[in-house]
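Please look over the model below before reading on.

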Amino acid sequence: MSTSSTHIADVQSSQDTRNIAIDKVGIKDIRHPIRILDREGVEQHTVATFNMYVELPHHFKGTHMSRFVDILNSHEREITVESFRDMLIEMGERLEAETGYIEMSFPFFINKTAPASGVQSLMDYDVTLIGQFRDGEICIQTRVVVAATSLCPCSKKISEYGAHNQRSHVTITVRSSSNLWIEELIDVAEAQASSELYSLLKRTDEKVITERAYDNPKFVEDLVRDVAAQLNAMDKILAYTVEAENFESIHNHSAYALVSRDKEQEH
């Protein structure tokens with residue numbers, strides 16, 4: 001008997017009698033090429049890691065895992081921010097789901113100029129687009145992780161010979177009402193840190209950055225509050241979460257703070 005005339009059972013669509021719905025089921029850590037347009041109008045070609053899930057009703061045994069991969073490959077060879085929304089819609093239709101999620105994480109690069117020498121180098125940032133559809137409504141958030149320097153105000157106050165500092169990760173997650181450049185969020189985080197970071201520095205740059213941080217001490221609490229204040233002033237930011245983690249240089253633990261606000265819920 002030929003394969004074409006043989007019925008192949010669809011086990012995933014069969015009935016399940018345990019009466020337990022699954023909140024998220026799908027695939028994790030699949031990589032795919034993407035294209036990202038930066039603020040200068042240059043397209044960056046990079047590779048993103050995707051997580052794709054749907055909600056599974058209690059009466060279905062399983063979901064069709066291959067359809068997630070098919071959705072990735074059915075778009076252009078390189079997925080864009082614009083096609084990200086289309087993928088969300090298509091995922092709901094193809095998997096007949098009322099709720100679904102896509103996370104697209106990728107490195108984003110900015111060409112930075114050192115403050116004294118003027119030497120240029122690429123600095124990388126971790127960026128994630130987080131998409132969700134629920135009952136026909138789509139919500140997309142942007143998350144950036146920005147490495148920076150923070151210098152301890154207490155150490156500066158009590159020490160005669162300097163102050164300890166540490167590398168900080170400032171994570172900003174936002175929902176916006178209009179297009180938002182990734183660089184806008186990076187700018188906010190770097191401007192509020194004791195100092196921003198660079199991939200390549202000369203000795204003259206090290207002097208400038210060290211003194212800049214010393215003149216601009218920040219606790220982890222200061223970091224999240226100052227970033228939040230800037231996001232409060234940006235009308236197109238509808239909701240945000242700001243996190244700061246300081247990888248302490250004189251302790252075997254990190255310092256952490258978080259501020260979250262949903263502007264839409266306040267009206």
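Helix H4 is mostly covered, with nine of its eleven residues buried. Here buried means under 20% relative accessible area, exposed means over 50%, and partly exposed lies in between, using a 1.4 Å probe and protein chains only. Helices (H or I, at least four residues) and strands (E, at least two) are DSSP runs, numbered from the N terminus. The buried residues of H4 are Ile-182, Glu-183, Glu-184, Leu-185, Ile-186, Val-188, Ala-189, Glu-190 and Gln-192.

A word on the source is needed here. The model is predicted, so local features need pLDDT of at least 70 and side-chain atom pairs count only at pLDDT 80 or more, while totals for chains, interfaces and linings use all residues. Residues are numbered from 1 along each chain as its sequence is written, and side-chain values use heavy atoms, with hydrogens and water left out.

Helix H1 (residues 65-74) can be read by its faces. Phe-68, Ile-71 and Leu-72 are buried in H1. Seen down the axis of H1, these buried residues fall within an arc of 100°, so they line one face of the helix. The arc is that of the directions from the helix axis to the C-beta atoms. An α-helix has 3.6 residues a turn, so residues three or four places apart point the same way. The face of H1 turned away from the buried side carries the exposed residues Ser-66 and Asn-73. On the buried side, the residues of H1 pack against S1, S2, strand S3 (79-80) and H2; contact means heavy atoms within 4.5 Å.

Thr-99 lies in strand S4 (residues 99-113). The relative accessible area of Thr-99 is 2%, so Thr-99 is buried. Leaving out residues up to four places away in sequence, Thr-99 touches Val-54, Glu-55, Phe-133 and Arg-134.

Next come the salt bridges. A salt bridge is a side-chain nitrogen of Lys or Arg within 4 Å of a carboxyl oxygen of Asp or Glu. By this rule the count comes to twelve salt bridges. One of them joins Glu-43 to Arg-35, with the closest N and O atoms 2.8 Å apart. Glu-43 is partly exposed at 40% relative accessibility, whereas Arg-35 is buried at 16%.

Arg-39 pairs with Asp-187, and their closest N and O atoms are 3.0 Å apart. Arg-39 lies in the loop between S1 and strand S2 (43-56) and Asp-187 lies in helix H4 (residues 182-192), so the pair ties together parts that are 148 residues apart in sequence. Arg-39 is partly exposed, with a relative accessible area of 35%, and Asp-187 is partly exposed, with 34%.

Which residue forms a salt bridge with Asp-262? The partner is Arg-175, the closest N and O atoms being 3.5 Å apart. Asp-262 is in strand S10 (residues 254-262) and Arg-175 is in strand S7, so this pair links distant parts of the chain, 87 residues apart. Asp-262 is partly exposed at 25% relative accessibility, while Arg-175 is buried at 17%. Elsewhere, salt bridges that share partners join Asp-70, Glu-90 and Arg-94 into one network.

The model also has pockets. On a 1 Å grid over the protein atoms alone, a pocket is an open set of points where a 1.4 Å probe fits, with protein on both sides within 12 Å along at least five of seven lines, and lining residues have an atom within 4 Å of a point. Grid points are joined across faces, edges and corners, and a volume is the space filled by probe spheres set on the points. The largest pocket has a volume of about 770 Å³. Of the 24 residues that line this pocket, Val-81, Glu-82, Thr-142, Asn-179 and Leu-180 are the closest to its centre. Strand S1 (22-37), helix H2 (81-94), strand S6 (137-151) and strand S7 (165-176) are the elements that give two or more residues to the lining. The largest share, five residues, comes from S6.

Most residues other than glycine have a negative phi. Asp-29, found in strand S1, has a positive phi near 60°. Asp-135, in the loop between strand S5 (120-134) and S6, has a positive phi of about 55°. Asp-29 is exposed at 56% relative accessibility, and Asp-135 is exposed at 57%.
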